[in-house]
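Please look through the sequence and the structure shown here before reading on.

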Amino acid sequence: MNNAVFTHQVGFPKCAGSVKGLPKELHIRGILPENLDKLGIGIVGSRRISPYGIRVLRELFYFLKDTGLAVISGFTVGTDSYAHEFALSAGCTTVAVMPCGCDIIHPSSNKELYKRILGGGGAVVSEFEDGFMPQKWTYPKRNRIIAALSKVVLVVEASSKSGSMITADFAKKYGRKLFSVPGDIYTERSSGTNKLLSGGAEVYLSPTRILDEMGVTSTQKASGSVRDSGSTAGETDLLYILKEKGMNFNELGIKTGISTGRLNEILMKMLLKNLIFEKNGVYYVL
Amino acid sequence: MYCRVRTFAIKGSTVTELGVEITISSRGIPRVEVTGVKGGECTKSIKKIRTAFNNSGLQFPNKKININILPAGLISDLTDIEFPASMGILFAHYGVAPGTSDLFYGSLNSGGFLVPATKTIFLDDVWASGRMGRLFISDGSLYFNENINGLKVYKLCSLSQAADFFVNGEVVSPAASQTLAYNYAWARSGAGDCFCGVLGNTQTKRALTISISGHHNILMLGPSGTGKSLLAEKSAAMFPDGTQKDAVEIIKAGILCGMPTENIVTTPFRRPHISVKEGDLIGSPRMPGEATLAHKGILFLDEMHLFPSKVLNSLKTVIDRKKVEFNCEGAPVSYPADFLLIGAANNCMCGLLGAEDRQCKCNGKDLNTYHTRMNPSFLERFDILTHVSGSPVEAVHSGGECSHKCHTAEQIKKAVSIQRSRLVPLGISYNSGIPHESINRICNLSKDGSSLLEMAVSKYGLSTRAVHRILTVSRTISDLEDTPEISAAHLAEAVQYRVKNDKP
């Protein structure tokens with residue numbers, strides 16, 4: 001399945017070929033989507049993703065559902081894994097760019113994801129030969145390929161000295177449209193994204209601008225209506241409370257005054273309806 | 001002169017009958033030799049027997065004495081059968097024969113008095129078969145004679161009393177029948193205790209109530225300082241009263257582990273430290289461990305993610321089989337270990353993930369380590385997972401005092417009695433033990449409930465095992481409310497408590 005594609009060959013990603021300084025050959029496993037220059041959206045961010053970051057991604061992918069876009073990311077834990085996961089569940093093809101040979105699953109905890117990316121019609125791409133182990137210097141190289149393959153790059157969360165910032169620099173250099181998600185000015189993992197904003201990246205306020213930029217329209221309804229439709233009185237209250245801030249069970253119980261048993265039931269039903277999600281005991285609105 | 005005395009070898013909880021053969025011959029150099037003992041460190045016991053004879057005003061025969069143990073090689077010293085051995089010497093010396101069904105057990109001190117034995121508690125299994133006879137043990141030894149029909153127990157204090165009884169024909173009446181020889185009652189130290197003393201965490205308290213009622217293993221996850229250990233300690237006080245049989249089993253487990261009887265408590269609460277060795281937690285062929293000490297009580301693994309994986313892995317089969325099994329020198333050895341497992345762990349290695357005011361400092365490697373420690377196959381042993389949080393807002397709202405309106409203890413008691421009456425034909429007493437074949441009969445879902453379960457199965461991709469767990473937990477929830485049918489609300493709550501294995 002693994003084949004190396006050279007710059008002059010058919011099948012070498014179009015946008016990548018047009019950028020100077022890129023490798024002459026790319027090793028590909030799976031099927032690399034064509035027209036990445038039109039459909040590729042690169043998503044990068046911190047390895048330690050916060051619930052805020054997850055919420056941003058969830059909302060984005062809710063609207064990306066069935067748009068046929070391809071999501072390019074770096075396969076590491078945190079934001080990258082989430083981007084791949086969400087892309088797969090939203091029916092988008094996804095491309096993982098590796099800092100090592102395509103046959104090395106790094107990190108190994110993502111074994112399942114690796115299989116699903118290939119199974120979902122996506123591709124694993126690397127400029128390194130099979131069997132090449134990841135090194136400190138291969139990560140920035142990997143980042144430049146992410147930037148090169150994408151039409152639009154979205155930085156979800158990044159500290160000011162992170163790999164995501166390197167990707168963002170390459171994106172600017174290659175003339176890619178750069179979006180950055182604004183965050184808390186006191187939080188380390190938002191310092192990079194905020195810096196990018198002051199440096200001229202476009203502010204990400206909702207998925208709309210990305211959709212416009214990619215030239216697609218979402219089939220999904222706008223956020224307000226989807227959340228209110230089909231939710232009962234208790235659920236609406238909870239949604240209203242959770243919209244602002246994720247909360248754990250006990251806080252919700254105190255805020256709403258609903259009994260433990262009943263609250264459990266309502267939350268479970270909301271989880272099943274995909275209105276909210278739960279992580280480490282804290283409930284968040286999608 | 002020859003005499004044979006019957007006694008027992010009590011190894012762990014296994015009782016084997018032994019014969020002690022005494023031969024006193026006038027020919028040969030006067031000395032005592034012991035045969036049929038493995039290892040053969042018997043000189044101390046013999047010295048003790050000799051002194052005991054002298055101090056009891058009896059004459060120790062100054063002849064060649066052979067003590068032979070049958071079957072050979074079963075015991076390694078005479079400590080536990082000093083009394084039968086000296087009785088044998090006495091019989092052979094005075095030419096008196098004991099009754100054919102007379103049994104002796106116990107050790108002596110050098111003053112000639114019998115030492116109270118605890119191991120005698122295991123003798124009731126021998127007599128459950130309805131054998132007749134007389135048992136001579138030390139006054140103060142432990143025994144339960146509820147199963148013992150034809151057995152007369154004689155409690156003797158000294159060797160001279162035994163000599164008077166057998167040689168001089170003095171009358172000693174058998175001990176009065178008593179259900180529990182050991183003064184044992186389900187005493188409640190913190191009577192009417194409840195979780196109210198711990199601030200906040202309504203969901204965790206509810207989950208613990210369910211866990212205690214139905215004996216569901218529970219895992220509490222949360223940042224440090226949120227009251228996990230405190231809640232686990234409270235659980236021991238909330239434990240429902242056991243049956244008489246449970247009480248006997250708890251004492252037996254304690255004695256097996258060599259615990260002084262006064263330290264054996266009604267609801268064992270064991271909290272092994274993270275440095276515990278595999279052999280100390282599970283036990284070894286010669287010595288049972290924490291798992292057995294927690295029998296019919298609680299085994300609390302605090303900071304569970306810091307326990308070595310090896311230790312946790314070896315605990316898995318113990319949890320499944322509710323006993324520890326070994327093979328020692330060709331013979332199977334098994335110790336009881338039927339406990340409620342309460343686990344408490346942080347959400348990550350640094351313990352700060354999920355804390356209100358602090359940031360988690362774990363890197364990818366730490367998270368991987370955490371994930372390996374909390375391995376899925378161990379997590380599968382838990383029925384309930386609950387997240388513990390500590391937020392200052394909550395603490396102010398809920399207060400720390402129990403308003404005496406909480407009926408948690410009564411609720412648990414009621415749920416336990418409902419389960420017992422239902423599950424007795426199956427030979428189990430708690431919902432957590434419901435076997436697969438009767439799950440559908442016992443856990444009858446309402447219509448809403450089954451549609452909710454279907455939705456949950458398709459959304460979360462639940463395995464058959466996971467569904468089984470959810471059903472048993474929901475059964476307990478509906479038992480707590482005393483409703484025969486499992487409603488959608490009960491099921492929803494049980495699904496909320498399911499064990500997830502998300503990445504942190």
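Two residues are in contact if their C-beta atoms, placed from the backbone, lie within 7 Å. On that basis, of the contacts in chain B with a separation of 6 or more, 73% are accounted for by residues 24 or more positions apart. The model is a predicted one, and the predictor gives the complex an ipTM of 0.71 and a pTM of 0.79. For chain B the mean pLDDT is 84, with 90% of its residues reaching 70 or more. The stretch at residues 179-183 of chain B has a pLDDT below 50, although the model gives this stretch eight contacts beyond near neighbours in sequence. Residues 185-191 of chain B likewise stay under 50 in pLDDT, and for them the model has seven contacts beyond four places in sequence.

Chain B has 504 residues, of which 44% are buried, and its secondary structure comes to 18 helices and 16 strands. The domain assignment divides chain B into domain 1, covering 2-166, and domain 2, covering 195-496. Taken over C-alpha atoms, the centres of domain 1 of chain B and domain 2 of chain B are separated by 45 Å, and the contact takes eight residues from domain 1 of chain B and eight residues from domain 2 of chain B. On the side of domain 1 of chain B that touches domain 2 of chain B, the residues divide into four nonpolar, three polar and one charged. Chain A is also assigned a domain 1, at 3-214, and a domain 2, at 223-285, and the centres of these domains of chain A, again taken over C-alpha atoms, are separated by 32 Å.

Between the chains, 27 residues of chain B are in contact with 21 residues of chain A. On the chain B side, the elements that give two or more residues are α5 (202-214), α11 (364-373), α13 (392-398), α16 (447-460) and α18 (488-496) of chain B. Which of these gives the largest share of the side of chain B that touches chain A? That share comes from α18(B), with six residues. By class, the residues of the side of chain B that touches chain A divide into eight nonpolar, 14 polar and five charged.

The helix α18(B) is mostly covered, since nine of its nine residues are buried; among them are Leu491(B), Glu493(B), Val495(B) and Gln496(B). The buried residues of α18(B) pack against α13 (260-272) of chain A, together with α16 and α17 (464-480) of chain B.

The helix α17(B) also packs with α5(B), at an angle of about 100° and with their axes 9 Å apart. The two helices, α5(B) and α17(B), are therefore roughly perpendicular to each other. In this contact, Ile210(B), Ser213(B) and Gly214(B) in α5(B) meet Thr472(B), Val473(B), Thr476(B), Ile477(B), Asp479(B) and Leu480(B) in α17(B). Counted by class, the contact of α5(B) with α17(B) has four nonpolar, four polar and one charged residues.

In chain A, the helix α12 (residues 249-256) has Phe249(A), Asn250(A), Glu251(A), Leu252(A) and Gly253(A) as its buried residues, and α12(A) is followed by Gly257(A), whose phi is positive, near 75°.

The last stop is a loop residue, Ser13(B), which is found between β1 (2-11) and β2 (14-25) of chain B. Not counting residues up to four places away in sequence, Ser13(B) touches Phe122(B), Lys252(B) and Leu256(B). Ser13(B) and Lys119(B) lie 106 residues apart in sequence, and their C-alpha atoms are 8.3 Å apart in space.

Methods. Residues are numbered from 1 along each chain as its sequence is written. Chains are lettered from A and ligands numbered from 1 in the order in which they are written. This is a predicted model: local features need pLDDT of at least 70, side-chain atom pairs count only at pLDDT 80 or more; totals for chains, interfaces and linings use all residues. Domain bounds come from an automatic or database domain assignment. Ala, Val, Leu, Ile, Met, Phe, Trp, Tyr, Cys and Pro count as nonpolar, Asp, Glu, Lys and Arg as charged, and the others, Gly among them, as polar. pLDDT is the predictor's confidence in each residue, from 0 to 100. Helices (H or I, at least four residues) and strands (E, at least two) are DSSP runs, numbered from the N terminus. A residue is buried if 20 or more other C-beta atoms lie within 10 Å of its own, exposed if 12 or fewer, and partly exposed in between; C-beta atoms are placed from the backbone. Axes are lines fitted to C-alpha atoms, for helices over the stretch in contact, and angles run from 0 to 180 degrees between N-to-C directions. Angles under 35 degrees count as roughly parallel, over 145 as roughly antiparallel, 65 to 115 as roughly perpendicular and the rest as oblique.
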